[in-house]
Every structure is written in C-alpha cells, then in structure tokens.
Amino acid sequence: MEIDISTEYSEFLHNNRIKVNKYLNRVMWFFVVTGPAIAVGIREGIFYDITYATCIGISVIIAILSVIHLLLLKAYPSKKITCIFALTALDLLLVYMSYSHVHIYLTWFLVPLLSLLFCDKYIYFYGAALNYILMFITTWLTAPFEAAMRTEYESASEYFMDMMSGFTIESIIMFASGYIIGKLILEYFKTLFDQYRLIMEQERSMEEKIHLLDSMAEIYDNVNLIDFINNTEMSLRDSEQKKHGIDLSAQTHTIMNQRLVNQVMSDQIDEFLAFTNIKTIRSRLSHKKLISADFIDVVFGWFRAQYITVDSTLDGIPNVVIYTTRNVDDEKRREEHLIRISMTDEMTRLFNRRCYDEDLSEYRNGALSEDFVLFSIDVNGLKTVNDTKGHAAGDELIKGAADCISLSVGKKGKAYRTGGDEFMVVVHTSDPEGLRNDIKNKSKEWHGIYTEELTMSVGYAALKDHPGVSIDDLEHIADADMYAEKEKHYKERGIERRR
C-alpha cells in the first residue's frame, strides 16, 4: 500500500500549529509580568516617561488576550484563527507599550519571525503585513511626543519620516529574509517526508516479499528459491534453509526435482523432466510472471508445478525464480462440478442456453422418439413489472416462472432458461396439453413478495403432430404457438402490444 505523503505532511502541520500555539500562550502569560517589571524600573528611576497606570494596563491587556487565546486554543487548537489571534495580540501589546513610551524596537520584528514557526506562508504574510501597518500607525501617533523630546528633530513629520524610512528598510530586509527562511524550512520538511515515504515504502516492500515467501512456504507442498546469479537453490520449507550449489554446465535439474521425478506417473516423466529443466527455464520464463504445468503423483494424485519470477533483468530474463509444487487433486475433481455449473442458469438453477444449444445439437444428429415434445414459454408483462416495481420484482417473477415450470416438468424432461424471460422445455410425453395446463395452473397459484400475479404464454410442438420435421422446425412451431398464446393473453386483457 502506497503511503499518502500529503496526508502525513498535513498531519505534521496540524500538530505543529497546536504545539506552537501552546508555547505562544505560555509566552503571553509570561508577558503579564512585564507590567510589574516596568513598575520596578519606574521606582528605581530608570523609566521617566512611564506611569504606574501603564504598567497595570499592560498586565491587564495581556492577561485578557491570553485568556481569549487560551479559549481559542481549546476550541480550535490548529485553526489559523488561533494562530493569527496570538500574533495579533502580541502586536497590539507592542502598540500599547510604544504608545505608552516603552521603547523596545527589536520586538517589532520578533512577531513576524515567530509567525514562521507555523510553517504557513499566508500566516507569515499576515504577520509581516499587520506588523508593518501597526508600526506605521504607532510611529505616527507617537511622533509628536518623540519629536518634542529630541532636539535633532524640528517637527513631528520629520521624526516620523526618519523613523519610518529606517523601519521600512528593516521590514523589507526582515520580510525577504523571513520568506527565504520559511521557504527553506518548508522544503526541508517536505524533503524529510519524501525520504520518510521512500524508507517506509522500501520497508513495506521488503515486508511484503518476506510475507509472500512465508506464505508460499505455508500453502505449497514444496518451495524452492533458485538464484541464477549465484547459481544456488534453497528449499524454503526446510527448517535449515540451506543453500545448495547448481552447476549449469552439468546439471539439468535441481535437487528437489531429482527427488520429485521418482513420484511422477511413468507416462508423464518425460514431460515433467522437460518442464523442470533448469537450463531452459530462464528462456521459457522470459518476460513472464509464471509458467505452470500439472502432473500426477502416483500416491497423492494431481499436483501443479510452477516457476514464478521474483527478480529479472531489464531485458526480462529471470535472475531469481521460485519453484513451487502444490497438490491440486481436489481442484481437478471440482472441474467436473464446474462444467455442470457452466451448464446451469445462475438465477433459476435451470439449465442455461449453452446447455440447450448442445442438447439440440445432439438431437439434430440422432433420431427423435414419437413422444418428443418441445415447449416454448415466455413470461407475460415482465417489462411492465421491471418498469413499475423494479428489477427485484422482475427477478422474482422469473424465479417464480422457473419454479412453476420445474415442478410441472419434473422427471419427464429438461427445462432451460434461454433468455431474460424465455424458457424452453424438452420432454417425452403423450399429453403435452396436460403439461401446458399444469404449468398455467401452477402459475395461477404462485404469489410473490413484490407482485401477486404470474402468467406465462406456453406454446409447444409435438413430433407426433408434425411427423418427419426437424428439431429446428419443431422449435419454430413451438415459438409460433407461444406467440399466439401471448397475443391471446393480451387481447383478453385489452392491452395493445407491438411485436
């Protein structure tokens, strides 16, 4: 079975998103202590432009965002919305901190880099774009304050232009670098999964070959591995599985076949030796998966010998071959049964068209007895039943007709299903009209699950009524009589019908 690499890779991305989201949520909770840490800086005189209210605001905002992200993580652990929210939350925290004059510029570029962890280029594009937009807005909002605090800037717009030009260049460099890094990461992971697929397929192929050999050793009476590269043979049924050398210059048969030939029926020995000749096996097996032949064991009956190609050259010449033997005496006995089945209609268990044609061929070549009668029978209204009640109802009608015919004919002759709703009967009887009435009466008594009524048009041709005619003439006469019955049936019911 081939490994679906796309499914494996998708599963990896799914699990990766869950893991990264969990770590980001922990980071967000860690940021809650940012407020108290800045408050300590205020008390020590490190931060002059920051208030304690800002510290509280930072902790409250990040706590709220962390709770929301945690809820999303529990509901949608691998969805993009959860990933995007985490990046958005970190960016909003940076906006608030920058607006409150807490300057940590490096963090602006940390958020897009964090988005690379999700291994999704669209999440990275979102993180980089949102980061730049919020950086632009925040710089614009803080420009008046920052320009007033610095002597080198004469106006807020001058400060804004100076800062954003640097931020833009850095953002472009960061975006390009991050895109390349992300692409390399994805290609690396895909390469790893390709290698993993190849390794798994090789292992699976090896397991299948081993399993095949083990299975062969169990189901076959003899299993011999023949290696034409190293010129060795080894019985896979032996516990030792010892390799024996083959000398193709002097040896025509393997050790196994030298033993088996003593059990082959005497009149088949020459044929067996020709089939098992290892000097010709490679040419006979060229471009083939297997060759086989059946022989008779004097003790156990029929057995089948097979040569199966395991490995071959580019030209189709076998390098490694498995030779097997298996008792098929039961199969041979079943062949006769299968022949009988081939003469039987599967649905009705009556004889089929093939059997009818073969029997008619015998009647053509032989003399017909005086009580020979040929019946032609057709089910009425089958198409209407199929169209209105379905094919299950139609099949039921055909089986019912077959039962009625079979019960009426009994041992007096043979009944055949020769078409969809067509039947033929060959009987020896002096009362064909009585048999026709018997078939019709039984059809009147029949009731099915899907339909209540079964009628058949029954025609016949008796040899005593048409002396000297051929079997084919009798068939035409019986058909004509059947069609006359059918026309009569539809006329009585007032049904217009085209033949």
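1. Start with Thr88. Setting aside neighbours within four places in sequence, Thr88 is in contact with Tyr126 and Leu130. Keep in mind that this is a predicted model.

2. Where does Thr88 sit? Thr88 is found in helix α4, which covers residues 80-99. Is Thr88 buried or exposed? Its relative accessibility is 17%. Buried means under 20%, so Thr88 counts as buried.

3. One of its polar atoms lies 2.7 Å from the backbone oxygen of Ile84.

4. Now turn to the surface. Which residues form the nonpolar patch there? They are Tyr99, Ile133, Phe136, Ile137, Trp140 and Leu141. Together they have about 630 Å² of accessible area.

5. Which helix gives the largest share of the patch? Helix α6, residues 121-149, supplies 5 residues.

6. Take Ile137 as one example from the patch. Ile137 lies in helix α6. Its relative accessible area is 40%. Exposed means over 50% and buried means under 20%, so Ile137 is partly exposed.

7. Last, the cysteines. How many disulfides are counted? The count comes to 0. A disulfide here needs a pair of cysteine sulfur atoms within 2.5 Å. Cys55 is buried, because its relative accessible area is 3%. Cys404 is buried as well, with a value of 6%.

Definitions and conventions: Residues are numbered from 1 along each chain as its sequence is written. This is a predicted model: local features need pLDDT of at least 70, side-chain atom pairs count only at pLDDT 80 or more; totals for chains, interfaces and linings use all residues. Side-chain values use heavy atoms; hydrogens and water are left out. Patches are made of residues with over 30% relative accessible area and no salt bridge: like charges are joined within 9 Å, nonpolar side chains (Val, Leu, Ile, Met, Phe, Trp, Tyr) within 5 Å. Accessible areas come from the Shrake-Rupley method with a 1.4 Å probe; for residues, only the protein chains shown count as cover. A salt bridge is a side-chain nitrogen of Lys or Arg within 4 Å of a carboxyl oxygen of Asp or Glu. Helices (H or I, at least four residues) and strands (E, at least two) are DSSP runs, numbered from the N terminus. Buried means under 20% relative accessible area, exposed over 50%, partly exposed in between (1.4 Å probe, protein chains only). A polar contact is a pair of N or O atoms within 3.5 Å; within protein, one must be able to donate a hydrogen and the other to accept it, and residues adjacent in sequence count only if both atoms are side-chain atoms. Contact means heavy atoms within 4.5 Å.
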